[in-house]
Amino acid sequence: MGSSERYEECRQRISDNARGRIDLSREVPDMEIQDMIDGLIVGLGRSLGLSLTQRQELARSVFHSIRKMDVIQELVESNDVTEIMINGTDNIFVEKAGRIYQWDKHFDTKEKLEDVIQQIVAKCNRAVNEASPIVDARLENGARVNIVLAPVALNGPIVTIRRFPDKPILMKDLIAFGSITQEAAQELSGLVRAGYNIFISGGTGSGKTTFLNALSHDIPKSERIITIEDSAELQLQGISNLVRLETRNANAEGAKAITIRDLIKSSLRMRPDRIIVGEVRGSEAIDMLQALNTGHDGSLSTGHANSSRDMLARLETMVLMGMDLPLAAVRRQIASGVDVIVHLGRLRDKSRRVLEITEIIGFEEGEIVTKPIYQFEEHGEEKGKVLGTLVKVDALTHVEKLLAAGEKGA
């Protein structure tokens with residue numbers, strides 16, 4: 001028997017033995033389980049001739065399989081990993097520095113993967129099963145999780161984990177990364193403080209949530225902020241009067257679903273200064289616009305779109321999903337409620353950049369009038385890296401909020 005086979009046999013024996021010894025009648029602390037595992041390793045490790053390094057790895061692996069997330073625990077804890085994609089038991093892919101790699105480990109059985117899935121959803125009071133096979137959840141570190149089970153997923157349980165940095169990324173970090181220029185960042189900072197309603201648009205993985213977090217640091221600390229999300233992942237810092245709301249799925253026990261629409265309507269009765277909706281993706285757009293048009297200046301949200309213009313078209317569609325209104329009335333609501341759209345993109349070198357900052361000028365002749373304030377200009381490519389910068393192309397038209405807040409106009 002080879003050393004790897006001996007190691008796997010030892011890991012399985014210790015894991016089974018430890019699970020059998022756990023007293024299920026009480027809450028067993030992690031330290032007690034770790035000591036139990038260490039004791040078992042000392043006994044079996046000698047007989048199977050395991051090295052010190054193998055014993056340490058064995059202790060970590062067994063503990064993770066019992067109390068943590070089994071083989072993916074080290075990925076969840078790694079600061080280098082931004083995305084974990086589990087395609088059934090055999091294939092795990094990870095994203096590092098914008099590139100995707102196949103990992104050399106996998107779950108031993110479907111049952112172990114399903115145990116990890118149930119552990120994830122239970123901690124955030126969600127449920128996933130064959131009757132309700134799709135769920136969004138989150139980990140304790142704020143990572144976003146999407147789970148799809150059979151019969152929807154044909155090649156086994158599918159888990160996608162979007163991991164965010166343990167330390168929130170600030171605007172100065174985005175400037176250092178080259179995602180935005182110092183000039184544009186300072187102008188956006190003034191717009192946030194002055195209470196402009198800002199929508200952040202972009203494709204999947206373009207960094208919308210990260211950018212929203214960075215922008216939120218400029219919100220005055222004295223204001224009352226309410227965040228509304230499908231799965232809580234925003235990392236607002238330094239705001240003491242902060243209310244965080246999260247949707248809830250319906251369950252088999254009869255608890256009804258609490259939607260984004262429900263939370264927006266409720267938030268308006270909670271005396272918010274600003275409302276932050278993590279992402280608008282459906283009929284809740286009408287409630288969000290009504291909030292923007294009823295005195296909640298400085299509110300922020302994100303949405304999926306391919307450009308600033310496309311974000312406006314998608315908002316129109318989403319509003320019409322929630323209410324049968326004339327298109328002209330919808331466009332007038334959007335033009336009145338949204339002040340600025342910041343569009344993000346992921347370039348071919350995998351870098352995330354601000355591509356457009358667009359001002360909503362108003363509503364004329366049945367159309368929403370917009371004006372680009374900043375646009376990304378590409379200058380070429382060097383060693384696989386896209387060269388370019390965000391260039392100011394025009395000045396802000398509506399400076400009334402800036403002046404009222406005592407901010408310097410652009």
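**Notebook: sheets, helices and a few residues**

I began with strand β5, which pairs with strand β6 (residues 158-162) in the antiparallel sense over 5 bridges. The model is a predicted one, and I kept that in mind for every entry below.

**Entry: around β5**

I looked for the bridge partners along β5. Asn-146 stands opposite Thr-160 in β6. Strand β4 (residues 134-138) and strand β5 (residues 144-148) run antiparallel and are joined by 5 bridges. I then checked the link between these two strands: β4 and β5 make a hairpin with 5 residues between them. In its turn, Gly-142 has a positive phi of about 90°.

**Entry: the sheet that holds β5**

Which strands form the open sheet with β5, and in what order? I read the order as β3-β2-β1-β6-β5-β4, 6 strands with antiparallel pairing. The edge strands are β3 (99-102) and β4, each of which pairs on one side only. From one strand to the next, the twist averages 15°.

At the β3 end, I noted that strand β2 (residues 91-96) pairs with β3 in the antiparallel sense over 4 bridges. Val-94 has Tyr-101 in β3 as its bridge partner.

Which helix lies across β5? I found helix α5 (residues 110-123), which lies across β1 (81-87), β4, β5 and β6. Helix α5 runs at about 130° to β5.

**Entry: the 9-strand sheet**

I traced a further open sheet, with 9 strands in the order β9-β8-β10-β11-β7-β12-β13-β14-β15 and mixed pairing. Its edge strands are β9 (242-246) and β15 (385-392), and each pairs on one side only. The twist here averages 25° from one strand to the next.

Are β8 and β10 parallel or antiparallel? I recorded strand β8 (residues 225-229) and strand β10 (residues 274-277) as a parallel pair over 4 bridges. Thr-227 has Ile-276 in β10 as its bridge partner.

I also looked up helices lying across strands of this sheet. Helix α9 (residues 260-267) lies across β8, β9 and β10, and runs at about 170° to β8. Helix α12 (residues 327-337) lies across β13 (352-364) and β14 (367-382), at about 120° to β13.

**Entry: Gly-362**

I placed Gly-362 in strand β13. Is Gly-362 buried or exposed? Its relative accessibility is 17%, and buried means under 20%, so Gly-362 counts as buried.

Leaving aside neighbours within four places in sequence, I listed Ala-335, Glu-367, Ile-368 and Val-369 as the contacts of Gly-362. I also checked Ser-336, which is 26 residues from Gly-362 along the chain. The C-alpha atoms of Gly-362 and Ser-336 are separated by 6.9 Å.

**Entry: Glu-316**

I found Glu-316 in helix α11 (residues 308-322). Glu-316 has a relative accessible area of 13%, so it is buried by the cut-off of under 20%.

Which residues is Glu-316 in contact with, leaving aside its neighbours within four places in sequence? I listed Leu-327, Val-330, Arg-331, Ile-334 and Ile-368. Ile-368 is also in contact with Gly-362.

**Entry: helix α8**

I went through helix α8 (residues 208-216) for cover and found it mostly covered, with 8 of its 9 residues buried. The buried residues of α8 are Lys-208, Thr-209, Phe-211, Leu-212, Asn-213, Ala-214, Leu-215 and Ser-216.

**Entry: rings**

I searched the whole structure for aromatic pairs and got 0. I did find a charge over a ring: Lys-401 lies over the face of Tyr-196, at 5.5 Å from the ring centre.

**Entry: whole-protein totals**

I noted 13 helices and 15 strands in the protein. Of the 410 residues, 48% are buried. The accessible surface comes to about 19800 Å², and carbon and sulfur atoms account for 49% of that surface.

What share of contacts between residues at least 6 apart in sequence joins residues at least 24 apart? I recorded 54% for the protein.

How values were computed
Residues numbered from 1 in each chain as written. Predicted model: local features only at pLDDT ≥ 70, side-chain atom pairs only at ≥ 80, totals over all residues. Heavy atoms only, no water. Buried < 20%, exposed > 50% of the residue type's maximum accessible area, 1.4 Å probe, protein only. Contact = heavy atoms within 4.5 Å. Pairing = 2+ DSSP bridges. Axes fitted to C-alpha atoms, helices over the stretch in contact; angles between N-to-C directions. Phe/Tyr/Trp six-rings, centres within 6.5 Å; stacked < 30°, edge-to-face > 60°. Lys NZ or Arg CZ within 6 Å of the ring centre and 35° of its normal. Areas by Shrake-Rupley, 256 points an atom, 1.4 Å probe, with all protein chains shown as cover.
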